[in-house]
Amino acid sequence: MSMVDEPLYPIAVLIDELKNDDIQLRLNSIRRLSIIARALGEERTRKELIPFLSENNDDDDEVLLAMAEELGVFIPYVGGVESAHVLLPPLETLASVEETCVREKAVDSLCRIGAQMRENDLVEHFTPLAKEIGRLKLFTSSLVDLREHPADISGFSALLGCGCVRDHKSRLSAGEWFTARVSACGIFHIAYPSAPDPLKAELRSIYGQLCQDDMPMVRRAAATNLGKFAATIESAHLKTDIMSMFEDLTQDDQDSVRLLAVEGCAALGKLLEPQDCVAHILPVIVTFSQQDKSWRVRYMVANQLYELCEAVGPEPTRTDLVPAYARLLRDNEAEVRIAAAGKVTKFCRILNPELAIQHILPCVKELSSDSSQHVRSALASVIMGMAPVLGKDATIEHLLPIFLSLLKDEFPDVRLNIISKLDQVNQVIGIDLLSQSLLPAIVELAEDRHWRVRLAIIEYIPLLASQLGVGFFDDKLGALCMQWLQDKVHSIREAAANNLKRLAEEFGPEWAMQHIVPQVLEMINNPHYLYRMTILRAVSLLAPVMGSEITCSKLLPAVITASKDRQVPLSLSLLKLPNIKFNVAKMMQSLIPIVDQAVVENMIRPCLVELSEDPDVDVRFFANQALQSIDNVMMSS
């Protein structure tokens with residue numbers, strides 16, 4: 001790669017900033033390493049810049065993090081994939097620092113570079129790095145403060161030759177530090193596939209040692225990355241080496257290690273044959289669900305259990321995993337019950353309905369009256385999905401009573417979760433039975449004291465209306481829709497106005513003209529201006545659905561009346577509210593495309609002209625904006 005035609009002085013400044021006392025200047029320079037590399041050229045970047053960065057690992061964590069990120073995309077600046085191995089020493093150094101986020105970014109960059117390296121380079125450079133870091137106990141050595149050596153681009157080589165650069169291999173055996181071994185766990189899956197057979201055996205042995213390391217942090221890293229490493233292992237070694245490591249991790253005295261081992265059990269199960277999964281993984285999961293003293297481990301088992309069912313097959317699921325799952329649903333810790341309850345529908349989909357009714361439903365009934373509101377909420381968020389799994393008869397007999405119980409729960413989130421999934425039940429039992437059993441509870445919730453529950457009911461009304469039909473809707477829910485227009489909460493009123501539009505679209509303009517428009521226009525004289533603004537919003541939403549004729553004959557006259565707004569309490573009867581009037585102007589602008597040009601000129605323009613002379617600046621602004629829209633329409637036509 002040739003040097004770009006950039007002035008040398010700015011590059012010298014960037015190089016000097018690498019050693020500046022100001023952290024922001026150093027950070028700025030690190031983030032522009034690519035500019036420095038292009039200026040130096042590929043050869044000098046490999047021989048001077050990269051060794052310099054290898055030693056510059058005693059900086060602030062923010063600088064080191066930026067360096068680890070930049071080096072991950074540095075292959076083009078060192079001469080391409082054939083020279084990618086020169087990037088390994090500085091990243092190796094960063095992978096052994098104390099700060100976790102720096103190490104993780106260095107490991108990400110190592111993996112990114114390793115994935116692009118040629119196979120022979122992997123064997124020669126990357127695999128030995130993984131092996132040595134994993135085997136040896138490292139420490140972060142103290143380095144000379146490079147910021148004491150000022151240099152420009154012409155003196156850069158002199159700086160690097162001052163004795164600061166040391167062979168990176170000497171650092172590996174200089175002392176003990178666990179951080180490098182933590183990082184090593186994350187790169188074995190890159191190093192392993194290209195290694196020759198003897199080296200593969202050595203890598204498996206080293207990873208096994210990492211799983212038994214003295215430091216819990218190393219064992220946690222080994223447990224976290226075991227699934228990725230196992231995916232690269234030959235099947236012959238999965239049952240021996242990998243399962244031995246898995247068993248070591250699941251017997252660890254640290255619960256943080258055991259739960260990470262459990263987290264990877266589903267991934268391991270998919271790599272094994274079903275009989276091997278039953279022999280090696282199933283006993284561990286069943287034991288953890290029943291006997292592990294840490295609720296965090298049981299929580300992780302509850303999260304992973306349903307994924308394991310596919311790996312072990314139907315018979316072990318029936319005999320071992322179903323009882324284990326039932327135990328988790330009845331666990332002493334609420335957090336475990338929350339995790340298990342949240343997976344109840346997914347778990348039941350794997351089972352046949354009879355098995356779910358026999359073993360899972362009794363637990364679900366207990367959870368519906370659980371002492372923890374969060375358990376009940378987790379159950380309510382998924383229980384409606386059980387209806388298609390169990391079928392119509394079982395839903396009517398077993399699930400409907402639970403639904404009704406949860407709909408009447410004192411905790412609003414529980415009621416909200418049930419309401420939002422009613423359509424899943426309707427698909428199974430039909431609207432007639434749904435309306436008989438659940439509709440009374442829904443009507444009661446329409447006046448719930450928590451506004452979010454009322455909002456959920458409103459958003460469900462159009463779907464319910466389409467399923468109930470016009471006649472049933474008019475009898476049971478019509479009055480509610482008008483009542484919501486005068487709710488005390490703005491979000492409810494806004495949703496109610498949108499609800500009227502959707503109902504008009506569902507049942508047609510004729511039905512809306514008979515059942516919605518008269519009641520809406522009657523409310524436009526409400527004493528409270530906030531309610532009048534809601535009605536104006538409803539009218540603007542209804543106009544496109546109702547069409548030009550009804551808009552001109554019924555809706556527009558009411559809007560023009562509102563433009564002369566005086567409907568305020570008697571004590572303020574002489575005050576005209578600008579809030580109403582500028583909303584009228586905005587609404588009239590939205591009506592321009594709907595009505596005929598003659599109506600615009602004869603009815604809308606005169607009203608807007610009057611509003612454009614209003615004392616209030618906002619009213620004048622929106623009125624003039626609407627008049628401009630009329631002029632634009634006339635010019636375009």
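Which residues in H40 meet which residues in H42? In this predicted model, Pro578, Lys581, Phe582, Ala585, Lys586 and Gln589 in H40 meet Asp618, Val619, Phe622, Ala623, Gln625, Ala626 and Ser629 in H42, where a contact stands for heavy atoms within 4.5 Å. The chain has 42 helices and 0 strands, these being DSSP runs (H or I of at least four residues for helices, E of at least two for strands) numbered from the N terminus. Because the model is predicted, local features need pLDDT of at least 70 and side-chain atom pairs count only at pLDDT 80 or more, while totals for chains, interfaces and linings use all residues. Residues are numbered from 1 along each chain as its sequence is written, and side-chain values use heavy atoms, with hydrogens and water left out.

**Confidence**

- The chain averages a pLDDT of 81, and 86% of the residues score at least 70; pLDDT is the predictor's confidence in each residue, from 0 to 100.
- Among the elements of the chain, the lowest mean pLDDT, 32, belongs to helix H10 (residues 168-172), and the highest, 94, belongs to H22.
- Over residues 1-8 the pLDDT is below 50, and this stretch has 12 contacts in the model beyond near neighbours in sequence.
- Over residues 137-175 the pLDDT is also below 50, and that stretch has 92 contacts beyond near neighbours in sequence.
- Where pLDDT is low, the predicted coordinates should not be read in detail.

**Burial and core**

- Buried residues make up 54% of the 637 residues in the chain, with buried meaning under 20% relative accessible area, exposed over 50% and partly exposed in between (1.4 Å probe, protein chains only).
- Of the contacts in the chain with a separation of 6 or more, 71% are accounted for by residues 24 or more positions apart.
- The largest nonpolar core has 221 residues, and those with the most contacts inside it are Phe74, Tyr207, Ile242, Ile281, Ile360, Ile383 and Trp484; such a core is a set of buried Ala, Val, Leu, Ile, Met, Phe, Trp, Tyr and Cys residues joined through side-chain atoms within 4.5 Å.
- Helix H20 (residues 295-312) gives the most to this core, with 10 residues.
- Phe74, leaving aside its neighbours within four places in sequence, is in contact with Leu33, Ser34, Ala37, Thr45, Leu49, Ile50 and Leu87.

- In helix H5 (residues 61-71), the residues Val63, Leu64, Ala66, Met67, Ala68, Glu70 and Leu71 are buried.
- The cover over the buried residues of H5 includes helix H2 (23-30), helix H3 (33-40), helix H4 (42-55), helix H6 (88-94) and helix H7 (100-116).
- Phe52 lies in helix H4 and is buried, with a relative accessible area of 2%.
- The C-alpha atoms of Phe52 and Pro90, 38 residues apart along the chain, are separated by 8.6 Å.

**Helix pairs**

- The axes of helix H40 (residues 578-591) and helix H42 (residues 617-636) come within 8 Å and cross at roughly 10 degrees; axes are lines fitted to C-alpha atoms, for helices over the stretch in contact, and angles run from 0 to 180 degrees between N-to-C directions.
- H40 and H42 are therefore roughly parallel to each other, given that angles under 35 degrees count as roughly parallel, over 145 as roughly antiparallel, 65 to 115 as roughly perpendicular and the rest as oblique.
- The residues of the contact of H40 with H42 divide into 7 nonpolar, 3 polar and 3 charged, where Ala, Val, Leu, Ile, Met, Phe, Trp, Tyr, Cys and Pro count as nonpolar, Asp, Glu, Lys and Arg as charged, and the others, Gly among them, as polar.
- H21 and helix H24 (residues 353-367) pack at an angle of about 10 degrees, with their axes 10 Å apart, and are therefore roughly parallel to each other.
- Arg318, Val322, Tyr325, Ala326 and Leu329 of H21 make this contact with Leu355, His359, Ile360, Cys363 and Leu367 of H24, and by class the contact has 8 nonpolar, 1 polar and 1 charged residues.

- Arg330 is found in the loop between helix H21 (314-329) and helix H22 (334-341), and is partly exposed, with a relative accessible area of 42%.
- Arg330 is in contact with Arg337, Pro362, Cys363 and Glu366, leaving aside its neighbours within four places in sequence.
- His398, found in helix H27 (residues 392-407), is buried, with a relative accessible area of 16%.
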